[in-house]
Amino acid sequence: MYRDFRRLVVELLQQGVAEGNLRQDTGTEATATWVVGSLDGLMLQHWFDPSLDPQASALNMLSILHQGVAKPPDR
């Protein structure tokens, strides 16, 4: 299950790199591992603390990720 999800995320990241939306030096395998692990951790935290909003946390995490891997606009 994790392997399949991680593979899907890797493919999406590779597509972003190929289309020029993400930086060429994006480590797709490592980034996918971080994304899957972070989402899993958010769900685990929500399980033990239902007051945590996993959707808001995931959106914040993905925003931080995007800031790190997005290709800057051409000038």
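**A charged pair to begin with**

Guide: D25 is exposed, with a relative accessible area of 55%. Keep in mind that this is a predicted model.

Visitor: Which residue forms a salt bridge with D25?

Guide: R23 does. The closest N and O atoms of R23 and D25 are 2.8 Å apart.

Visitor: And is R23 buried, partly exposed or exposed?

Guide: R23 is partly exposed, because its relative accessible area is 32%.

Visitor: Where do R7 and D4 sit relative to each other?

Guide: They are three residues apart in helix α1, so about one helical turn separates R7 from D4.

Visitor: Let's zoom out. How many helices and strands does the protein chain have?

Guide: Three helices and zero strands. From the N terminus on, the order is α-α-α.

Visitor: What size of box do the C-alpha atoms fill?

Guide: Roughly 45 × 30 × 15 Å, taken along the principal axes.

Visitor: What share of the residues is buried?

Guide: Of the 75 residues in the protein chain, 27% count as buried.

Visitor: And the surface? What does the accessible area come to?

Guide: About 5,600 Å² for the protein chain. Carbon and sulfur atoms hold 58% of that.

Visitor: Why does L8 count as partly exposed?

Guide: Because its relative accessibility is 43%. Exposed would need over 50%.

Visitor: Back to charges. How many positive and negative side chains are there?

Guide: The protein chain has 6 positive and 9 negative ones. The centres of the two sets lie 7 Å apart.

Visitor: What about contacts along the chain? How much comes from residues 24 or more positions apart?

Guide: Such pairs account for 52% of the contacts with a separation of 6 or more.

Visitor: Give me a pair to look at. How far is E29 from L13?

Guide: Their C-alpha atoms are separated by 8.8 Å, and the two residues are 16 apart along the chain. E29 lies in helix α2, residues 28–48.

Visitor: Is E29 buried or exposed?

Guide: E29 counts as exposed, because its relative accessibility is 52%.

Visitor: Now a second pair. How far is D74 from N60?

Guide: D74 and N60 are 14 residues apart along the chain, and their C-alpha atoms are separated by 25 Å.

Visitor: Where is D74 placed?

Guide: In the segment after α3, the helix that spans 54–69.

Visitor: Buried or exposed, that D74?

Guide: D74 has a relative accessibility of 67%, so it counts as exposed.

Definitions and conventions:
Residues numbered from 1 in each chain as written. Predicted model: local features only at pLDDT ≥ 70, side-chain atom pairs only at ≥ 80, totals over all residues. Heavy atoms only, no water. Helix = DSSP H or I, 4+ residues; strand = E, 2+ residues; numbered from the N terminus. Buried < 20%, exposed > 50% of the residue type's maximum accessible area, 1.4 Å probe, protein only. Contact = heavy atoms within 4.5 Å. Areas by Shrake-Rupley, 256 points an atom, 1.4 Å probe, with all protein chains shown as cover. Lys, Arg positive; Asp, Glu negative; His and termini not counted. Charge placed at Lys NZ, Arg CZ, Asp CG, Glu CD. Salt bridge = Lys/Arg side-chain N within 4 Å of Asp/Glu carboxyl O.
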